[in-house]
Amino acid sequence: MNLDLRTLVFNQAVGYALCAGMMALFWLQNRHRFAGIGFWVADFAMQGIALAVFALRSPGPIPTELSIMVGNALIIGGTISFCVGLERFFEQRSHSARKIAFLVIYLAIHAYFTFVKSDLAARNINTAAAILVIFLQCIWVMNQQKAKYSFIAKWLTVVFAGYCVISVVRIISDIILLPQGDFLAQQGPVDIFTNMGYQVLVFALTFLIFLLINQRLFLENAE
């Protein structure tokens, strides 16, 4: 495949920016009604910034190591923020201390495989495993809501499962292929699949969140 991953990542950043804008509109309209939407805005904004940081890494203006640490901190921090928003939207308990500890452990592992023993495969596996764990938690949250939000819960679960499947593919691929160097230089089928897969899922997620907010408004007005 002859696609430029740097261009693809930049396009993803633009897509996340658009979705963050849509999410901000949802938040402005419903911030006094429901908790959690602000965390979704933060997630989409952080993801977009992270991808821009990746696209601008050396030979661009951002040093490679800084891009690796800042970009991945934003990606996992944003994904955690999405999960927290989901829990708060449904008024479930959110274990903030555990999530902070999870992020710290993730960043410590990432720093080791960036500064001490530079290893692209290990970093990819670390990130994919973190995303997998967080979206499994999101599936669990939605499972608690399937009676009340059956249609939306089903499709959100499908999207979350999609993130999990891509993460598992990423982990298996990196274990088998052991990529080296910089991920922007990798242009294999798995790299293209995972990046394009995430891009499709984020648009699906934005649309389903819109439906979720509308369904909750309908249910509360019907009571």
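Is E87 buried or exposed? E87 is buried, because its relative accessible area is 2%, under the 20% cut-off. The notes below concern a predicted model.

1. **The K99–E87 pair.** E87 forms a salt bridge with K99. The closest N and O atoms are 3.3 Å apart. E87 sits in helix α3 (residues 64-89) and K99 in helix α4. The two residues are 12 apart, and the pair links distant parts of the chain. K99 counts as buried because its relative accessible area is 14%, again under 20%.

2. **The R216–E91 pair.** A second salt bridge joins the side chains of R216 and E91, at 3.4 Å from N to O. R216 belongs to helix α7 (residues 189-222), while E91 is in the loop between α3 and α4, so the pair ties together parts 125 residues apart in sequence. R216 is buried, at 8% relative accessibility. E91 is exposed, at 67%.

3. **Backbone at E91.** Please look at this residue again. E91 is not a glycine, yet its phi is positive, about 60°. Most residues other than glycine have a negative phi. The place of E91 is in the loop between α3 and α4. E91 counts as exposed because its relative accessible area of 67% is over the 50% cut-off.

4. **The R170–D174 pair.** The side chains of R170 and D174 meet at 2.9 Å, N to O. Both residues are in helix α6 (residues 150-177). They are four residues apart, about one turn of the helix. An α-helix has 3.6 residues a turn, so residues three or four places apart point the same way. R170 is buried, and D174 is buried too. The salt-bridge count for the model comes to three.

5. **T114 in helix α4.** T114 lies in α4, which covers residues 96-116. T114 counts as buried because its relative accessibility is 8%. Its side chain reaches the backbone oxygen of H110 at 2.7 Å. Leaving out residues up to four places away in sequence, T114 touches E65, I68, M69 and R123.

6. Helix α5 runs over residues 120-143, 24 residues in total. From its first C-alpha to its last it reaches 35 Å. That is close to the 34 Å expected at 1.5 Å a residue. At the start of α5, a side-chain oxygen of D119 comes to within 3.1 Å of the backbone nitrogen of A121.

7. **The cavity.** How many cavities of 30 Å³ or more does the structure hold? There is one. The largest cavity has a volume of about 600 Å³. Its lining has 31 residues, and the closest to its centre are F54, I75, T127, I131 and Y198.

8. **Who lines it.** Helix α5 gives the most to the lining of the largest cavity, with seven residues. At least two lining residues each come from α1 (5-30), α2 (37-55), α3, α5, α6 and α7.

Technical notes. Residues numbered from 1 in each chain as written. Predicted model: local features only at pLDDT ≥ 70, side-chain atom pairs only at ≥ 80, totals over all residues. Heavy atoms only, no water. Buried < 20%, exposed > 50% of the residue type's maximum accessible area, 1.4 Å probe, protein only. Polar contact = N/O pair within 3.5 Å; in protein donor to acceptor, adjacent residues only side chain to side chain. Contact = heavy atoms within 4.5 Å. Expected span 1.5 Å × (residues − 1). Salt bridge = Lys/Arg side-chain N within 4 Å of Asp/Glu carboxyl O. 1 Å grid on protein atoms, 1.4 Å probe; cavity = no way out; pocket = protein on both sides within 12 Å on 5 of 7 lines; lining within 4 Å. Points joined across faces, edges and corners; volume = space filled by probe spheres on them.
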